Amino acid sequence: MIQIPLKKFDAVAGDVAIRSSRLDYLDFTQSYTELGDKLHSNLSRMVVVVWLFVALIITQSYTASLMSMLTAQRLEPTITNIEVLRNTNATIGY
């Protein structure tokens, strides 16, 4: 903690024990939602709505892609030419 006033470190992330000897060197930040989350202009409201919509689309796309990879195998054709169909007397066009 002595390195912080010397400007060698300016942030610490993770589980850090706060002791009374370290309180002079620390500053705490609040999350954005704890500050009230007030949107004053219509432009900021529109940006938040667009951002949430984009985040929803990205999340849904990722989920669909992941489920597709986990459930469906690659489909490979079992019949490679017309002669196989003629020899097996397969029904075509139903």
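What I am showing is a predicted model, in which local features need pLDDT of at least 70 and side-chain atom pairs count only at pLDDT 80 or more, whereas totals for chains, interfaces and linings use all residues. Residues are numbered from 1 along each chain as its sequence is written, and side-chain values use heavy atoms, with hydrogens and water left out.

Arg86 and Glu83 form a salt bridge, with their closest N and O atoms 3.1 Å apart, the term meaning a side-chain nitrogen of Lys or Arg within 4 Å of a carboxyl oxygen of Asp or Glu. A search of the whole structure finds one such bridge. Arg86 is exposed at 58% relative accessibility, while Glu83, at 39%, is partly exposed; buried is under 20% relative accessible area, exposed over 50%, and partly exposed in between (1.4 Å probe, protein chains only).

Turning to the fold, the chain has two helices and zero strands, taken as DSSP runs numbered from the N terminus (helices H or I, at least four residues; strands E, at least two). Of its 94 residues, 2% count as buried.

How exposed is Phe53? Phe53, which belongs to helix H1 (residues 42-71), has 53% relative accessibility and therefore counts as exposed.
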